[in-house]
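This report goes through one protein model by topic. Please keep the sequence and the structure in view while reading.

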Amino acid sequence: MNLQPTSIPGCVVVRPERHADDRGHFARTWDGAELAAAGLDGRVAQCSTSYNHVRGTLRGMHFQAAPHAEAKLVRCTRGAIWDVCLDLRPGSETFRQWHGQTLSADNGAALWIPEGCAHGFLTLEDAAEVLYTITTPYVPEAGRGVRWDDPAFGIAWPAEVRAIHPRDAGYPLVA
């Protein structure tokens, strides 16, 4: 695995090192020891998938409140998405800043979302599927979110939002 830091501390692009031959390719997508050596949480508490029928589906911006804060590795296993990490850590030098990354089945890249950051994505193709590897179990009472289109964050989504859950569209603005 190749770990590439982003402008958000703790947010890392994880690129698998693909070993290809005439059959296809093989790549390691999770290595707890390697993640821990890079200062990331190498535990796996839960894995989840999200299937999205149409291009333009937006999911986010979600996080879990302390003491149930979670880190997650997000990978697109079918199609393509624009994945976003939003820093919501008040003491962070990048508070309210974001990093966006195209993740696709073709490029194999994943994005590590650290604790204290919100996560969301916009599908760039129909039938996009996303795999989440998460460090902390889901606790419904700890689930939180912020508005995907809040001017306080200025996230530059690359395409029109065509499908969004009412909860995600209805989070209040922070200002």
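## Cysteines

The sulfur of Cys85 lies 3.7 Å from the closest cysteine sulfur, that of Cys11, which is too far for a bond. A disulfide is defined here as a pair of cysteine sulfur atoms within 2.5 Å. The search of the whole structure finds zero disulfides.

Cys85 is buried, at 0% relative accessibility, and Cys11 is buried with a relative accessible area of 1%. Buried means under 20% relative accessible area, exposed means over 50%, and partly exposed is in between (1.4 Å probe, protein chains only).

## Basis of the model

The model is predicted, so local features need pLDDT of at least 70 and side-chain atom pairs count only at pLDDT 80 or more, while totals for chains, interfaces and linings use all residues. Residues are numbered from 1 along each chain as its sequence is written, and side-chain values use heavy atoms, with hydrogens and water left out.

Val84 is in strand 8 (residues 80-87). Helices (H or I, at least four residues) and strands (E, at least two) are DSSP runs, numbered from the N terminus. Val84 is buried, at 0% relative accessibility. Leaving out residues up to four places away in sequence, Val84 touches Met61, Trp98, His99, Gly100, Ile113, Ala118, His119, Gly120, Ile155 and Trp157; contact means heavy atoms within 4.5 Å. Val84 and Leu35 are 49 residues apart in sequence, and their C-alpha atoms are 20 Å apart in space.

Val13, in strand 2 (residues 12-15), is buried with a relative accessible area of 4%. Beyond its neighbours within four places in sequence, the contacts of Val13 include His99, Gln101, Ala109, Ala110 and Leu111. Asn2, Leu3, Gln4 and Thr6 are also in contact with Val13. The C-alpha atoms of Val13 and Leu103 are 9.6 Å apart, although 90 residues separate the two in sequence. Ser104 belongs to strand 9 (residues 98-104) and is buried, with a relative accessible area of 9%. Not counting residues up to four places away in sequence, Ser104 touches Cys76, Gly79, Ala80 and Ala109.

## Pairing of strand 12

Strand 12 (residues 128-134) is mostly covered, with five of its seven residues buried. Strand 5 (residues 46-52) runs antiparallel to strand 12 and is joined to it by seven bridges. Two strands pair if DSSP finds at least two bridges between them. Within this pairing, Cys47 stands opposite Thr133 of strand 12.

Strand 7 (residues 72-78) is also joined to strand 12, by six bridges in the antiparallel sense. Here Arg75 has Leu131 of strand 12 as its bridge partner.

## Pairing of strand 6

Strand 6 and strand 13 pair in the antiparallel sense over three bridges, and His62 stands opposite Gly145 in strand 13. Three bridges also join strand 6 to strand 11, again antiparallel; the bridge partner of Leu58 in strand 11 is Leu122. Thr57 is bridged to Ala163 of strand 14.

## Largest pocket

The largest pocket holds about 560 Å³ of space. On a 1 Å grid over the protein atoms alone, a pocket is an open set of points with protein on both sides within 12 Å along at least five of seven lines, whereas a cavity is a set where a 1.4 Å probe fits but cannot get out; lining residues have an atom within 4 Å of a point. Grid points are joined across faces, edges and corners, and the volume is the space filled by probe spheres set on the points.

The lining of the largest pocket has 26 residues, and His62, Lys72, Tyr132, Tyr138 and Arg167 lie nearest the centre. Elements giving two or more residues to this lining are strand 5, strand 6 (57-64), strand 11 (117-123), strand 12, strand 13 (143-145), strand 14 (163-164) and helix 2 (166-170). Strand 6 gives the most, with six residues. The lining divides into nine nonpolar, eleven polar and six charged residues. Ala, Val, Leu, Ile, Met, Phe, Trp, Tyr, Cys and Pro count as nonpolar, Asp, Glu, Lys and Arg as charged, and the others, Gly among them, as polar.
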